Amino acid sequence: MKKIEAIIRKTKFEEVKDALLAADIEWFSYYDVRGIGKARQGRIYRGVVYDTSSIERTLVSIVVRDKNVEKTVKAILKAARTDEIGDGRIFVVPVEDSIRIRTGERGDIALYNAEQEK
C-alpha cells in the first residue's frame, strides 16, 4: 500500500477529483493548506500587487493498493498540470498497515469492500 499526497492549485481541485473518480479512486481526503514556495515575486492583478510568498493550495491525500499507484499518479498529473510554476508536488510514501475499525480487517482489504473487488 502507498499513501499519495498531492499539493495542487485550488483551481484544479475539481478537475483532479473528477480524474480520480474516472480512475476508480473513490475515497480520498482533501484539505486547504498554505505553504511557502520558491517564487517570491509579487503578482499584479488589476493594478494591485499581491504577495505570492504564501500560497493557498489543496492537499489531496489517498491511500491505495500498490497496483493502483501509477494510475492514481497519472490521473493527478494529467488533471493538475498547467505547465506553469506552482503546479504543485506529488509524494508517494509506503504504508505499513491499514485497519478497518468496524471489522478489524487488516491490510489492503481494509481499504475497499471485498464485494467490490473485480
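User: Thr 58, buried or exposed?

Analyst: Buried. In this predicted model, Thr 58 has a relative accessible area of 2%, and buried means under 20%.

User: Which element is Thr 58 in?

Analyst: Thr 58 sits in strand E5.

User: And what is Thr 58 in contact with, leaving aside neighbours within four places in sequence?

Analyst: Ala 6, Ile 7, Ile 8, Lys 10, Phe 13, Tyr 30, Tyr 31, Asp 32 and Val 33.

User: Phe 13 and Tyr 30 are both aromatic. How many aromatic pairs does the structure hold?

Analyst: One. It is formed by the rings of Phe 13 and Tyr 30, whose centres are 4.4 Å apart. Their planes are at 40°, so the pair is tilted.

User: Which parts does the pair tie together?

Analyst: Phe 13 belongs to helix H1 (residues 13-22) and Tyr 30 to strand E2 (residues 29-36), so the pair links parts that are 17 residues apart in sequence.

User: Switching to the largest nonpolar core. Which residues touch the most other members?

Analyst: The core has 20 residues, and those touching the most other members are Ile 8, Val 16, Leu 20, Val 60, Ile 62, Val 64 and Ile 76.

User: Which elements give two or more residues to it?

Analyst: Strand E1 (2-9), H1, strand E5 (54-64) and helix H2 (69-80). H2 gives the most, with six residues.

User: Take Val 64. What is it in contact with, leaving aside neighbours within four places?

Analyst: Met 1, Lys 2, Ile 4, Ile 25, Val 69, Thr 72, Leu 111 and Tyr 112.

User: Where is Asn 68?

Analyst: Asn 68 is in the loop between E5 and H2. At 11% relative accessibility, Asn 68 counts as buried. Not counting residues up to four places away in sequence, Asn 68 touches Ile 25 and Tyr 112. Ile 25 and Tyr 112 are also among the contacts of Val 64.

User: Now the whole chain. How many helices and strands?

Analyst: Two helices and six strands. From the N terminus, the order is β-α-β-β-β-β-α-β.

User: What share of the residues is buried?

Analyst: 32% of the 118 residues.

User: And the accessible surface? What does it come to?

Analyst: About 8400 Å², with 52% of that belonging to carbon and sulfur atoms.

User: Last one. Of contacts between residues at least 6 apart in sequence, what share joins residues at least 24 apart?

Analyst: 71%.

Notes
Residues are numbered from 1 along each chain as its sequence is written. This is a predicted model: local features need pLDDT of at least 70, side-chain atom pairs count only at pLDDT 80 or more; totals for chains, interfaces and linings use all residues. Side-chain values use heavy atoms; hydrogens and water are left out. Rings of Phe, Tyr and Trp (its six-membered ring) pair if their centres lie within 6.5 Å; planes under 30 degrees apart count as stacked, over 60 as edge-to-face and the rest as tilted. Helices (H or I, at least four residues) and strands (E, at least two) are DSSP runs, numbered from the N terminus. A nonpolar core is a set of buried Ala, Val, Leu, Ile, Met, Phe, Trp, Tyr and Cys residues joined through side-chain atoms within 4.5 Å. Buried means under 20% relative accessible area, exposed over 50%, partly exposed in between (1.4 Å probe, protein chains only). Contact means heavy atoms within 4.5 Å. Accessible areas come from the Shrake-Rupley method with a 1.4 Å probe; for residues, only the protein chains shown count as cover.
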